[in-house]
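Please open the model in your viewer and keep the selection panel at hand. The stops below go from one selection to the next, with a short account of what is found at each.

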Amino acid sequence: MYSNDMGVSTLRIAPSILSADFTAIASAIDRIEQSGADWIHLDVMDGHFVPNLTFGPKMVADIRKLTTLPLDVHLMVQNPDISIPWYIESGADHITFHSEACVHAHRAVQQIQAARVRAGISIVPSTPVAAIEPLLDCVDIVLVMSVNPGFGGQQFIPSTLQKVSQLARARDNAGARYDIVIDGGVNQGTGQQLAAAGADVLVSGSAFFQAPEPARFVQALKNPGAAV
Ligand SMILES: O=C(CO)[C@H](O)[C@H](O)COP(=O)(O)O
Ligand SMILES: [Fe+2]
């Protein structure tokens, strides 16, 4: 559920800099900090796993110097085990990689956690939750893609909601501890549905950077249904 005993929202918001102006990254980080958001989501794309390229570990290290907010690195790269050490070194707090891109996913989770970084596993819209079931007792984050990865500003895929409920139920039944993070097409409408289904963290790129008042936007996502 997305509120605690005191009725305070426990939903966390992770703006993605994918929709920021990369020539003005410090001002984008400032916008995120001023908004009251919880994490900064950093989309690393390699042009192979997804048909787009973004940035690498230097950008993550440079952003690390600007903020103490948790840096949530989303690796959309083939064979992430090769590059995981680069992102550990660059100061990431969380490293999430794709199940579809990594043969030895369990080993990659151990590699990340051995560096005291939170480890996440992600699935694209066509991958079922069952594909990552053997990892659910050891990961810190499950990132469910609600669009096909590669680009911001796409439309939310509704079948994601069922995956979120399935993951929330599986966690309760097993006493596991992962955060359920949803990435792609999040806005106030889809955010409300995702919160009700059991999401813990909402990533928002285009909607966050288009919002005229980022702090108001973050509050509205955290408190679905409330007038803010
Ligand atoms: O991983 C991603 C794309 O692959 C981005 O994090 C995601 O798409 C966020 O952008 P938006 O909120 O505009 O959908
Ligand atoms: Fe992402």
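A residue is called buried here if 20 or more other C-beta atoms lie within 10 Å of its own, exposed if 12 or fewer, and partly exposed in between, with C-beta atoms placed from the backbone. This is a predicted model, in which local features need pLDDT of at least 70 and side-chain atom pairs count only at pLDDT 80 or more, while totals for chains, interfaces and linings use all residues. Residues are numbered from 1 along each chain as its sequence is written, and chains are lettered from A and ligands numbered from 1 in the order in which they are written.

**The sheet**

Begin with the strands, which, like the helices, are DSSP runs numbered from the N terminus (helices: H or I, at least four residues; strands: E, at least two). Eight strands form an open sheet in the order β1-β8-β7-β6-β5-β4-β3-β2, with parallel pairing, where two strands pair if DSSP finds at least two bridges between them. The edges are β1 and β2, each of which pairs on one side only, and the twist from one strand to the next averages 25°.

**The annotated active site**

Next select Asp43 and Asp183, which the unreviewed UniProt entry annotates as "active site"; UniProt positions are given in the numbering used here, feature names are shortened, and annotations may be inferred rather than shown by experiment. They span 141 residues in sequence, yet no two of their C-alpha atoms are more than 10.5 Å apart, so they gather at one spot.

Asp43 lies in strand β2 and stands opposite His74 in β3. Asp43 counts as buried because 24 C-beta neighbours lie inside 10 Å. Not counting residues up to four places away in sequence, Asp43 touches Ser16, Leu18, Thr54, His74 and Met76, contact being taken as C-beta atoms, placed from the backbone, within 7 Å. Asp183, in strand β7, is also buried, with 25 other C-beta atoms within 10 Å, and with neighbours within four places left aside, its contacts are His74, Leu143, Met145, Ser146 and Val203.

**Two glycines of the annotated binding site**

The "binding site" that the unreviewed UniProt entry lists includes Gly184 and Gly205. Gly184 sits in the loop between β7 (179–183) and α6 (188–197), and counts as buried because it has 28 C-beta neighbours inside 10 Å. Leaving aside neighbours within four places in sequence, Gly184 is in contact with Met145, Ser146, Val147, Gln154 and Phe156. Gly205 is found in the loop between β8 (201–204) and α7 (206–210); with 24 C-beta neighbours inside 10 Å, Gly205 is buried as well.

**Ligand 1**

Which residues are closest to ligand 1? Of the 23 residues that surround ligand 1, the closest are Ser16, Pro149, Gly152, Gly205 and Ser206, a residue being near a molecule if its C-beta atom, placed from the backbone, lies within 6 Å of it. Elements that each supply at least two residues of this shell include β2 (40–45) and β3 (71–76).

Note on methods: Contact = placed C-beta atoms within 7 Å. Axes fitted to C-alpha atoms, helices over the stretch in contact; angles between N-to-C directions.
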